[in-house]
Amino acid sequence: MSLSSILTLIIGGILINNVVLTKFLGMCPFMGVSTKLSSAIGMGLAVTFVIFGSSVLSWLLYYYVLDPLNIEYMELITFILLIAAFVQFVEMFVKKNSPSLYKSLGIFLPLITTNCVVLFVAQDNITQGYNLIETMVNSIAVPLGFMLMLVIFATIRERLNGADVPEAFKGNPIAFIVAAIMAVAFTAFAGLV
Amino acid sequence: MSVKEEKKSFFSEMLLNNPVFGLYLGICSTLAISTSLNNALGMGVSVIFVLVLSNILVSLIARITPDEIHIPVYIVIIATLVTLVGMLLQAYTPELYSTLGAYVDLIVVNCIILGRAEAFACKNGVGASAKDGLMMGLSYTFSLMAISLIRQILGTGILSMSNPFTNAEIFALRLIPSGFEIPIFKSQTGAFLTFAILAAAVAAYKKSIDDKAAQAEKEAKAAAAKAKAEAAKAAKAAGAAAKEAKA
């Protein structure tokens, strides 16, 4: 595991294979939460934490429980349960230890369970055959890419509120047009590594 | 309601309460899978299968599920069904399975399915839930196919269709001469653009219907006010006439 391959994973996860623009994952929070910069950052951090924790746990679960028992087909069910339980645990922990943070994240926390990025990263680590270190790096890089998109998008949407948009395109349709243009811009990163 | 009216309401319902264009649910898979009609159909059928069965199962067990753990219970049901679909696809249509890839497993977190379980199936009977699942699944498939139709024709210039399960070609028709197709519609950008324009079209249609309803309401109100004024006038006139007669 050399430094350069770790760097490749990080840059790949954040810029080149950005989950939102290349795989269309996490669109629901992307459209729902990205209206304000502060909530975009809060959501991004919460998702990063959940993805890192649940992906590493899923990796351990897969290689130390499912694989030895030859029940790999239970992957989906165990992973989603693990994610749901992890999100619930994080919710309880935050509620108890930092009520103010809980209040500001409140509605987003339970929604993370159905964020496709979480399940995708957990499964992707297995399908790509990553080892534990690669899994950890990948599980940080991908949600950081997601957060980067949320933040960029939130700032654009704050400006969009004041723009003169055709009636029918107001709200989400214009946001998708913006996403289309951003997808073009991000293809420029393709040759980076 | 006549059959024709019912049919009409079915289609406008499908468009107005469309989970994809109206509520922005399940967009991830919609955008990713909509590159060709075959993929769209394969995905649509898988989602209908999961949605109908999960709605039925959820409506059956909703009453005996403790409220605190209902979401994990529903998710396990959905995950089991999706694992089933994944295995069936892998066994009988390996090609479709490999093109749909990770998105088959991601049906688990498709908001439409958990959303319908939460919003409809847990409060309604088995029959109604099955029907609701079928309707929602059909509108999802319909939206998926609408996007892929546009993307496929503009991106490859060919309108073609093959059976998604056996991969046997049914027909292929070149609509745009080769060299004139717009490859960007095959890429992510094309997916976002097509989706934005279709969503805007649905929003405009919705608005025109709302406007019509508002207009009708306004007219009815105006007519009612007019009738009231006329009645008052008539009453006044009658009163005057009565006074005159008295005099």
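Helices (H or I, at least four residues) and strands (E, at least two) are DSSP runs, numbered from the N terminus. What you have open is a predicted model, in which local features need pLDDT of at least 70 and side-chain atom pairs count only at pLDDT 80 or more, while totals for chains, interfaces and linings use all residues. Residues are numbered from 1 along each chain as its sequence is written, and chains are lettered from A and ligands numbered from 1 in the order in which they are written.

Select chain B to begin. Chain B has nine helices and two strands, and from the N terminus its elements follow the order α-α-α-α-α-α-α-α-β-β-α. Its radius of gyration, taken over C-alpha atoms, is 26 Å, well over the 18 Å that the globule rule (2.2 Å times the number of residues to the power 0.38) gives for 247 residues, so chain B is more spread out than a compact globule. Along the principal axes, the C-alpha atoms of chain B fill a box of roughly 100 × 60 × 30 Å.

Now select chain A, whose secondary structure comes to 10 helices and zero strands. Here the radius of gyration is 18 Å, close to the 16 Å that the globule rule gives for 193 residues, so chain A is as compact as a globular protein of that length. The box filled by its C-alpha atoms, again along the principal axes, is roughly 60 × 45 × 30 Å.

Within chain A, pick out helix H4 (residues 37–69) and helix H8 (residues 116–127), which pack at an angle of about 35 degrees with their axes 9 Å apart; axes are lines fitted to C-alpha atoms, for helices over the stretch in contact, and angles run from 0 to 180 degrees between N-to-C directions. Two residues are in contact if their C-beta atoms, placed from the backbone, lie within 7 Å. On the H4(A) side the residues that meet H8(A) include Val47(A), Ile51(A), Trp59(A) and Tyr62(A), and among their partners in H8(A) are Val117(A), Val121(A) and Ile126(A).

Next, display the two chains together and look at where they touch: 29 residues of chain A are in contact with 32 residues of chain B. H10(A) gives the most to the side of chain A that touches chain B, with eight residues.

A residue is buried if 20 or more other C-beta atoms lie within 10 Å of its own, exposed if 12 or fewer, and partly exposed in between. Of the 105 residues in this core, Val117(A), Leu119(A), Leu150(A), Ile78(B), Val108(B) and Phe192(B) touch the most other members, and helix H3 (residues 37–61) of chain B contributes the largest share, 10 residues. Centre on Ile78(B), which touches Val50(B), Ser54(B), Val108(B), Ile113(B) and Leu114(B), not counting residues up to four places away in sequence.

Finish with two loop residues of chain A. Phe24(A), in the loop between H2 and H3 of chain A, has a phi near 55 degrees, a positive value in a residue other than glycine, and is buried, with 25 other C-beta atoms within 10 Å. Asn70(A), in the loop between H4 and H5 of chain A, also has a positive phi, of about 60 degrees, although it is not a glycine, but Asn70(A) is exposed, with 7 other C-beta atoms within 10 Å.

Conventions:
A nonpolar core is a set of buried Ala, Val, Leu, Ile, Met, Phe, Trp, Tyr and Cys residues joined through C-beta atoms within 7 Å.
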